[in-house]
Amino acid sequence: MKNKPFQVIYEDNHLLIVNKEPGVLVQGDRTGDVTLLDLLKDYIKEKYNKPGEVFLGLVHRLDRPVSGLVVFARTSKALERMNEIFRKRQVQKTYWAIVRRKPDKEADKLVGWITKDEQKNQVTVHDFEVPKSQKAELSYRVLGKINEHYLLEVNPITGRPHQIRSQLAHMGCPIRGDIKYGYDRAVADKKIYLHARRLYFIHPIKQPGAPDRPLIFKAGLPNDPFWEEFLALDDEIYNDKNLDFTFE
């Protein structure tokens with residue numbers, strides 16, 4: 001498959017983890033555009049010479065203009081268990097976001113309540129609970145400043161639609177390129193500067209008599225000179241203490 005808009009990060013009999021480019025639709029919508037799910041089914045079919053329909057379960061989604069790690073399950077057993085891992089928040093997700101305005105605090109936890117307008121595919125963040133709202137929580141820290149922009153490391157605690165985009169905008173720091181949530185202009189290819197950088201979880205399928213298998217994945221940044229300058233700020237903080245924080 002030439003010029004594929006994804007990079008395979010990890011693959012075994014149960015899981016397929018890829019780094020997707022911005023602009024790629026993960027799951028079908030009203031546009032009818034080719035999806036990452038379709039492309040990966042073709043990839044598996046071709047690689048393993050599989051006849052008939054290929055099973056591939058989508059564990060979670062990334063918005064179309066966002067880049068980075070997406071998890072798929074290659075078996076129904078793995079899909080069921082990964083869904084449970086995400087539901088119980090037994091996963092650490094780390095994103096990078098580039099914003100132009102520096103947050104008031106170097107690090108903080110944001111808590112809000114989100115409502116969604118299905119027609120506009122847009123959410124609103126409220127400071128207090130309102131009817132039909134869902135609680136949204138994330139933590140962030142400022143990694144540094146380059147080119148008059150700030151790099152934030154963001155750890156979502158809940159998994160609400162457009163959560164990072166809307167919560168950062170709500171505190172006055174919309175993501176570069178994200179005109180839907182208040183940035184003043186679009187950038188090339190309608191992408192936004194939000195990247196699913198790292199994932200940590202325990203492998204969903206435990207081998208008999210074997211210990212748990214912790215998995216840590218990191219997605220390289222998009223091929224974009226503006227992004228690449230921010231690599232200098234990566235401090236690679238994911239020690240055991242940090243990785244265990246989601247586990248009771």
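1. A residue is called partly exposed when its relative accessible area lies between the buried limit, under 20%, and the exposed limit, over 50%. Asn147 has a relative accessible area of 40%, so Asn147 is partly exposed. This residue sits in the loop between strand S8 (134-146) and strand S9 (149-156). The phi of Asn147 is near 55°, a positive value in a residue other than glycine.

2. The structure is a predicted model. Mean pLDDT for the protein chain is 91, and 94% of the residues reach 70 or more.

3. Asp189 is another residue with positive phi: the angle is about 65°, although Asp189 is not a glycine. For background, most residues other than glycine have a negative phi. Asp189 lies in the loop between H3 and strand S10 (194-202). Its relative accessibility is 65%, so Asp189 counts as exposed.

4. Is H3 enclosed by the rest of the structure or open? Of its 8 residues, 6 are buried, so the helix is largely enclosed. The buried residues are Gln163, Ile164, Arg165, Ser166, Gln167 and Leu168. They pack against strand S5 (92-99), strand S6 (107-117), strand S7 (122-126), S8, S9 and S10. After H3 comes Gly172, with a positive phi near 90°.5. The largest nonpolar core has 65 residues, and those with the most contacts inside it are Leu36, Phe72, Val154, Leu168, Ile175 and Phe201. Helix H1 (residues 36-47) gives the largest share of this core, 6 residues. Apart from this core lies another, of 5 residues, among them Ile114, Val123, Ala136 and Tyr181.

5. Leu168 belongs to the buried part of H3 and is among the residues with the most contacts inside the largest nonpolar core. Not counting residues up to four places away in sequence, Leu168 touches Ala97, Val99, Leu110, Leu152, Val154, Cys173, Pro174 and Ile175.

6. Asp224 is found in the loop between strand S11 (214-218) and helix H4 (225-228). With a relative accessibility of 5%, Asp224 counts as buried, because the limit for that class is under 20%. Leaving aside neighbours within four places in sequence, Asp224 is in contact with Lys191 and Tyr193. Asp224 and Arg176 are 48 residues apart along the chain, and their C-alpha atoms are separated by 13 Å.

Terms used:
Residues are numbered from 1 along each chain as its sequence is written. This is a predicted model: local features need pLDDT of at least 70, side-chain atom pairs count only at pLDDT 80 or more; totals for chains, interfaces and linings use all residues. Side-chain values use heavy atoms; hydrogens and water are left out. Helices (H or I, at least four residues) and strands (E, at least two) are DSSP runs, numbered from the N terminus. Buried means under 20% relative accessible area, exposed over 50%, partly exposed in between (1.4 Å probe, protein chains only). Contact means heavy atoms within 4.5 Å. A nonpolar core is a set of buried Ala, Val, Leu, Ile, Met, Phe, Trp, Tyr and Cys residues joined through side-chain atoms within 4.5 Å. pLDDT is the predictor's confidence in each residue, from 0 to 100.
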